[in-house]
Amino acid sequence: MELEEFIKQLDALAEQAEAAFQSCQGAESFEAARVEFVGARSGQFKLIQKQLGQLDRDAKPAAGKKLNESKARIQAAMEAAQLRLDETGNQQTLGPMLDATLPGIRQHLGRVHPITQTIEHLKDIMGKLGFAVVEGPEVEDIWHNFVALNIPEDHPARDSLDNFYLGSTGNTSGAPDTERLLRSQTSTVQIRVMENTKPPVRIISLGRVYRPDEADATHFPMFHQMEGLWIDTDVTMAQLKSVLRMFATAYLGEDVSIRFRPSFFPFTEPSVECDFLWNGNWIEFGGAGMVDPNVLQSVGYDPELVNGFAFGLGVERLCMRRHCVEDIRDLYRNDLRFLHQF
Ligand code: PHE
């Protein structure tokens, strides 16, 4: 056989093999092409290779070179096909892994705590009534928690059994540090605001207060209050009642009536307990009254020029009424079955 003929056959073979590998669609057609072209015993390449012996001696180097080139071409086509089939194969095995009928992995979304939700709601309502929101510290001194609020030294509200006085902090004597305590009421913020602001003042302050009460369905040693304060010239008790009625109506619904009962607080005169009639029951929501002149004096206001009212409502009570929660402890048990309902 002539060298020329040999080379022609090899070129033709390489072309056929490339076409075959390019068009194979799966493991079966790939294997068929592999056997046909590079099969070890009777593959076409092998058959042509065997003819090498029939060539002239001086044609052999060129023929050998051509054999190697063609083998490389066929091998490259085969590898490309292998790669292509592997990839589509992988996609096929990935496919069935997504079973749309299986339940998914559920994302547990957190929620805003009901008390925080209530606080936001109250801020919203009072904001519309023109009250700005302010904050005060939970660790207080005697001045802001008692003295400036007209609560004298011998008043039972200052009893160590009724307050969380802080243990000795700065002093080395070991005696309890009675100068600071966890605030027992948000009325402290009234003082802080008036000390730093000239009248008129129209604020609310929402936050935690602390009293050493045994926890039961209606008491908890930590709870929240909403304090309100309006100082101006000629503020009246009628305005206090209107603000509280508008607030109660906005928060609890159209059917809310409001009732004042005479009461006593050292920092208001006159003082009242404020009840809302809701679903047929009168419920006490907190205290209120006209700010005592002594309090105005203690912050440097002139009681002859300005006056005002203040109120303090229990946030938990409001939240519990609105959502029919019967035990305050439920709010603080961190039971997700409870919290998820809000
Ligand atoms: N601070 C009072 C309490 O904790 C409530 C109150 C606030 C009463 C403002 C009158 C005026 O019970």
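Visitor: Which residues in H8 meet which residues in H10?

Guide: This is a predicted model, to start with. In H8, Phe247, Tyr251 and Leu252 are the ones involved. They meet Leu318, Cys319, Arg321 and Arg322 in H10.

Visitor: What angle do H8 and H10 pack at?

Guide: About 45°, with the axes 10 Å apart. That makes H8 oblique to H10.

Visitor: How many residues of each class are in the contact of H8 with H10?

Guide: Five are nonpolar and two are charged. No polar residues take part.

Visitor: Where does H5 come in? At what angle do the axes of H5 and H8 cross?

Guide: H5 covers residues 114-128, and H8 covers residues 237-252. Their axes cross at roughly 130° and come within 10 Å. H5 and H8 are therefore oblique to each other.

Visitor: Is that crossing left-handed or right-handed?

Guide: Right-handed. From H5, the contact uses Thr118, His121, Leu122, Ile125 and Met126. From H8, it uses Val243, Phe247, Ala250 and Tyr251. Seven of these residues are nonpolar, two are polar and none is charged.

Visitor: And H5 with H10? What angle there?

Guide: About 100°, and the axes are 10 Å apart. An angle from 65 to 115 degrees counts as roughly perpendicular, so H5 is roughly perpendicular to H10.

Visitor: Which residues make the contact of H5 and H10?

Guide: H5 brings Pro114, Ile115, Thr118, Ile119, His121 and Leu122. H10 brings Val315, Glu316, Leu318, Cys319 and Arg322. By class, that gives seven nonpolar, two polar and two charged residues.

Visitor: New topic: H7. How many of its residues are buried?

Guide: Seven of the ten, so H7 is largely enclosed by the rest of the structure. The buried ones are Ser187, Thr188, Val189, Gln190, Ile191, Val193 and Met194.

Visitor: What do the buried residues of H7 pack against?

Guide: Several elements. The strands are S2, S5, S6 and S10. The helices are H6 and H9.

Visitor: What about serine 184? Where does it lie?

Guide: In the loop between strand S4 and helix H7.

Visitor: Is serine 184 buried or exposed?

Guide: Buried. Its relative accessibility is 8%, and buried means under 20%.

Visitor: What does the side chain of serine 184 make a polar contact with?

Guide: The side chain of asparagine 145, at 3.0 Å. Serine 184 also touches Phe146, Asn163, Val209, Tyr210 and Arg211, leaving out residues up to four places away in sequence.

Visitor: How many residues separate serine 184 and isoleucine 231 in sequence?

Guide: They are 47 residues apart. In space, the C-alpha to C-alpha distance is 23 Å.

Visitor: OK, another serine. Where is serine 271?

Guide: In strand S8, which runs over residues 268-278. Serine 271 counts as buried, because its relative accessibility is 4%.

Visitor: What does the side chain of serine 271 reach?

Guide: The backbone nitrogen of phenylalanine 265, at 3.1 Å. Setting aside residues up to four places away in sequence, serine 271 touches several others, among them Arg261, Pro262, Ala288 and Gly289.

Visitor: Which residues are joined by cis peptide bonds?

Guide: Proline 200 is in the loop between H7 and S5. Another runs from glutamate 269 to proline 270, with omega near -5°. Proline 270 is in strand S8.

Visitor: Now backbone angles. What is the phi of aspartate 234?

Guide: About 60°, a positive value, although aspartate 234 is not a glycine. Aspartate 234 is in the loop between S6 and H8. At 66% relative accessibility, it counts as exposed.

Visitor: And asparagine 279? What is its phi?

Guide: Near 50°, again positive in a residue other than glycine. Asparagine 279 is in the loop between S8 and strand S9. Its relative accessibility is 56%, so it counts as exposed.

Visitor: Last one: valine 133. What is it in contact with?

Guide: Lys123 and Ile204, leaving aside neighbours within four places in sequence. Valine 133 is in strand S1. It is partly exposed, with a relative accessible area of 39%.

Visitor: How far apart are valine 133 and glutamate 227 in space?

Guide: 9.9 Å, C-alpha to C-alpha. In sequence, they are 94 residues apart.

Conventions: Residues numbered from 1 in each chain as written. Predicted model: local features only at pLDDT ≥ 70, side-chain atom pairs only at ≥ 80, totals over all residues. Heavy atoms only, no water. Axes fitted to C-alpha atoms, helices over the stretch in contact; angles between N-to-C directions. Helix = DSSP H or I, 4+ residues; strand = E, 2+ residues; numbered from the N terminus. Parallel < 35°, antiparallel > 145°, perpendicular 65-115°, else oblique. Left-handed = near helix turned anticlockwise from the far one by under 90°. Contact = heavy atoms within 4.5 Å. Nonpolar A, V, L, I, M, F, W, Y, C, P; charged D, E, K, R; others polar. Buried < 20%, exposed > 50% of the residue type's maximum accessible area, 1.4 Å probe, protein only. Polar contact = N/O pair within 3.5 Å; in protein donor to acceptor, adjacent residues only side chain to side chain.
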